[in-house]
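I kept them in the order in which I went through the topics.

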Amino acid sequence: MKKIFFSLIIIALFSLLVGSDEVLTQTLPNGMTIAVKESSNNSSVGFYCFVKTGSVNEGRFLGAGISHYLEHVVSGGSTTKRTEAEYEALGSEIGSIVNAYTTNELTAYHIVVDKLYKDQALEILSEQIQFCAFNAEEVAREQQVILKEIVMRSSPPRSQVYQRVNEISSPHSNYRYPVIGYTDLFKTITREELQEYYQQHYTPNNMIFVAVGDFDSQEVMDQITATFKDFSRKQIQPVYLPTQNIRNGDYELIEEFAVDLPNGFLTYIVPAAYYGDYVALDAALNILFAKRRSPIRFKLSEELKLVNYVYGYASISATAPEGSINIGFEAKDPADLRDIAKIIDSEIENYSREGFTAADIEDIVTRRKASRLLSTPGVQSECNRIGWNLIRYGVPDAYDALQKKYEELTVADLQAVLKRHLLPKNRTVFYSVPEGDRELLEKSTAVDIVKTDPQRHLLNDSITLIHRFNNEKPIIKGVIHLPLSSNYESKENVGMISFMTELMFRGSQNYDPLDITEWLEDHAVRFSVTTNSYGTEIEFKCLTDDYDKLKEIILDAMNNPVFPESEIELYKEAEEAAFKRSRSDADDIHQDYLKSVLYGDTRDGLSSQAKLDIMMKANREDLISTYEDYFKFNRAIITFFGDISDEEAESEAQDLFSKLPRGDIAVEAEFYQIPELNDIFINTYELEQVNISVNCVAPAFNDADFNVLIVIESLLSGSRGRLHKAVRGTNDLAYFAFPRYGYNQESGYFRLTSQTSIDKKDELIAVMNNVLDELCAGNLTQSEIDLALEERQKILISYMDDNNLPEYMTHYEAQGLGYDYIFRYNERYKDITPEDIQRVASKYFSQKAVVVSLPSGNVNLMVD
């Protein structure tokens with residue numbers, strides 16, 4: 001009955017809210033498709049150009065990754081109009097977010113700016129896609145950058161597993177090749193070949209251009225049309241995409257990898273003739289796998305406890321010569337792999353005869369609508385949605401057409417597609433084993449849309465409320481920040497507070513764990529709880545009509561947690577599996593070593609293994625004890641964004657706080673302390689990446705030098721910051737590098753992090769050290785400081801929308817920086833001078849702990 005009531009609510013809301021969500025589209029005489037949409041979610045403007053060439057379209061360059069190489073050279077590189085440095089200066093001036101990506105099917109370039117700078121942004125992107133100069137130095141530099149990216153993306157064992165799945169399941173298809181390319185083939189690409197490929201494929205009749213933002217659609221459409229009016233179309237050489245035929249029989253292969261957990265992959269080919277089966281397949285697999293109580297997932301994960309996870313989905317696109325059905329799982333024991341596959345087969349066979357119900361289909365339809373109502377995409381996700389819809393369906397929004405297909409489904413349809421595609425076991429079975437939405441801006445014409453600026457209300461000495469009213473959609477986004485941090489933990493119980501807060505919401509006095517999970521899934525509620533060194537934050541996003549029930553669940557969990565043994569076991573199994581996966585991740589191993597160097601034999605120096613051991617030994621009584629000792633409060637920050645008035649928000653904040661457990665935590669918080677070290681520390685592992693961290697002691701939050709360190713971080717950050725330019729823009733040493741200033745009430749650290757190949761290690765360390773030494777020498781100007789601060793604030797503001805702003809505002813308020821810190825960033829630090837930078841850099845950066853993790857002599861290098 002409750003599900004029926006919820007469905008009726010969703011249907012009613014859709015009827016009320018579905019309105020104009022117009023996307024203007026036009027095809028220019030030169031063949032370029034243009035789509036423009038107004039969006040008032042924030043003041044940003046995004047431009048995306050989708051070039052319909054990806055890794056499957058590369059012809060004689062198949063497997064070389066030329067599309068991805070071209071992406072690196074074109075995005076931000078010199079053109080015949082301007083140099084790379086001029087683009088960087090212009091980007092810094094307007095605070096642009098510029099990036100690109102390559103997939104099997106396309107290459108996408110994008111730029112996001114505040115609406116004040118949309119003209120400059122359009123000019124930048126239009127020049128890049130038309131007038132790339134292929135500067136020889138830039139081409140050579142990006143080749144080295146990509147070789148490092150290959151190491152980062154392709155050398156981890158799990159990446160190798162997924163690549164083998166593609167190669168084995170689609171041996172005749174262009175989709176078997178990695179987007180980034182194979183190292184040996186990639187190295188053969190010349191500058192002249194890049195130019196030729198650019199001239200052949202970067203033509204207007206092979207492009208889709210999308211704009212989304214706070215502007216007038218028709219004006220921007222006219223502006224884009226004028227920008228590309230002289231961009232001439234060309235003949236495009238057709239690319240043959242071989243068809244991957246269905247395999248006859250059950251083709252099984254087992255291979256070993258440097259992983260700790262076994263995986264199974266069942267892949268079925270779906271011929272293009274059955275493209276129309278996608279909706280029924282998606283619904284059937286969703287019912288069988290997607291939810292916690294989905295029959296196959298629940299049976300394998302919780303009843304039989306054979307897997308850490310299992311999934312199933314259909315991947316079918318009108319642009320591909322065939323589709324696929326993909327079922328995967330991570331087993332706990334390699335010996336169970338075949339048995340797990342047999343159980344999956346048995347359940348699918350059963351459901352091909354009986355088991356599906358009309359209510360299952362109605363549930364999917366309702367959840368799709370609820371997810372649509374809850375989505376608040378920024379300009380980047382909206383541009384992507386429109387672009388991909390145009391490529392795959394020929395329309396900017398295929399949601400309504402697809403939704404109608406879901407609503408027309410019957411139980412017989414679901415049974416039929418299982419019988420057609422999954423019962424004949426014509427598939428590949430690959431086992432890897434260890435070695436030895438469309439966003440709707442529904443606006444009711446009967447309701448005036450009101451969106452206020454975020455405000456902070458100090459309700460009393462204990463409650464801080466941050467609130468923003470926005471009735472565009474009937475949703476509420478909430479954050480409850482509690483001053484319970486991991487700093488209260490000791491070396492003996494590290495991780496227990498996070499363990500306890502997570503398990504609190506997995507069963508309480510009045511709510512069974514499965515009932516909680518099912519209600520959250522059925523109502524498309526987004527919910528999470530996080531405990532870290534800053535505190536505990538409970539975040540949620542729900543329909544306004546669901547808030548009261550969600551509040552009831554949250555309060556019962558916080559006051560009457562049960563900590564069910566079954567949930568404790570599931571959580572431990574998941575954490576143990578995550579730990580085992582991390583042992584083949586170079587960054588995770590490096591972080592363990594870094595902590596051991598900096599923190600030694602203290603709580604913060606414990607390894608991941610030691611922390612896991614503490615959790616694995618803990619029992620229900622330990623969780624109850626942790627709850628009783630720590631989960632009590634005398635203050636809170638509560639944030640509400642959405643369809644809740646100021647008066648309602650104040651009332652809800654006071655009611656929530658009044659029902660929290662009260663009291664003082666008996667122990668004192670302990671904060672990390674970093675010793676002053678001036679040495680290099682080397683760790684070796686059986687992985688190819690070289691991870692480097694340069695660490696310095698830094699001031700605490702309340703120290704007089706705090707503001708100066710923040711400005712130094714801004715000077716070094718981002719693709720136009722000093723650090724990135726030093727390690728990549730000038731020296732071709734690394735794929736990425738970034739600074740981080742971490743701090744607490746008693747101490748802090750300043751860290752530079754990068755990753756490279758073994759041959760570049762020493763040079764990269766020297767360059768990273770030099771970046772800090774240059775600051776100590778005072779080699780900077782006031783203008784550089786001002787530009788860095790201005791750009792940083794522009795980027796922060798462009799990035800923020802109602803999806804992430806509640807979390808950031810709550811976080812900064814909890815830190816003591818103020819809820820509106822993002823909008824006061826430049827003002828707060830504008831008085832910092834070069835002399836301040838030099839003084840503080842000299843004070844803290846004279847001693848450096850350089851921590852390096854590098855491959856042992858036994859590692860076979862992918863990139864020599």
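**Glu 138.** I began with the surroundings of Glu 138 in this predicted model, and, setting aside residues up to four places away in sequence, I found that Glu 138 touches Gly 77, Ser 78 and Glu 84. Glu 138 belongs to helix H5, which covers residues 136–154. I then looked up its accessibility: the relative value is 8%, so Glu 138 counts as buried, the cut-off being under 20%.

**His 201.** Next I turned to His 201, which has its place in helix H8. Its relative accessible area is 9%, and His 201 is therefore buried. Which residues is His 201 in contact with, leaving aside its neighbours within four places in sequence? I listed Val 51, Thr 53, Asn 57 and Asn 206. I also checked Val 379, which lies 178 residues from His 201 along the chain, with the C-alpha atoms separated by 26 Å.

**H2 against H8.** Staying with helix H8 (residues 191–201), I followed its axis and that of helix H2 (residues 66–74), which come within 10 Å of each other and cross at roughly 90°. Because the range for roughly perpendicular is 65 to 115 degrees, H2 is roughly perpendicular to H8. On the H2 side I wrote down Ile 66, Ser 67, Tyr 69, Leu 70, Val 73 and Val 74, which meet Glu 193, Leu 194, Tyr 197 and Tyr 198 in H8.

**Strand S2 and its partners.** I moved on to strand S2 (residues 33–38), where 5 of the 6 residues are buried, so that S2 is largely enclosed by the rest of the structure. S2 pairs with strand S1 (residues 24–27) in the antiparallel sense over 4 bridges, and within that pairing Thr 25 has Ala 35 in S2 as its bridge partner. The two strands form a hairpin with 5 residues between them, and in the turn I noted Gly 31, whose phi is positive at about 95°. S2 is also joined by 6 bridges to strand S6 (residues 207–213), and these two run parallel; here the bridge partner of Ile 34 is Phe 209 in S6.

**The sheet S18-S22-S19-S21-S20.** Further along I traced an open sheet of 5 strands in the order S18-S22-S19-S21-S20, with mixed pairing. The edge strands, each pairing on one side only, are S18 (679–685) and S20 (736–743). From one strand to the next the twist averages 15°. Inside this sheet I looked up S19 (residues 690–698) and S22 (residues 849–855), which pair in the antiparallel sense over 5 bridges, with Asn 691 standing opposite Ser 853 in S22.

**Nonpolar cores.** Last, I asked which residues of the largest nonpolar core touch the most other members. Of its 59 residues, these are Ile 692, Ile 712, Leu 716, Phe 750, Tyr 829, Ile 837 and Phe 845. I followed up Ile 712, which touches Phe 750, Leu 775, Ile 837, Ala 841 and Phe 845, again not counting residues up to four places away in sequence. Another core lies apart from this one and has 54 residues, among them Ile 538, Phe 563, Tyr 630 and Ile 638.

Technical notes. Residues numbered from 1 in each chain as written. Predicted model: local features only at pLDDT ≥ 70, side-chain atom pairs only at ≥ 80, totals over all residues. Heavy atoms only, no water. Axes fitted to C-alpha atoms, helices over the stretch in contact; angles between N-to-C directions. Parallel < 35°, antiparallel > 145°, perpendicular 65-115°, else oblique. Contact = heavy atoms within 4.5 Å. Core = buried A, V, L, I, M, F, W, Y, C linked by side-chain atoms within 4.5 Å. Buried < 20%, exposed > 50% of the residue type's maximum accessible area, 1.4 Å probe, protein only. Pairing = 2+ DSSP bridges.
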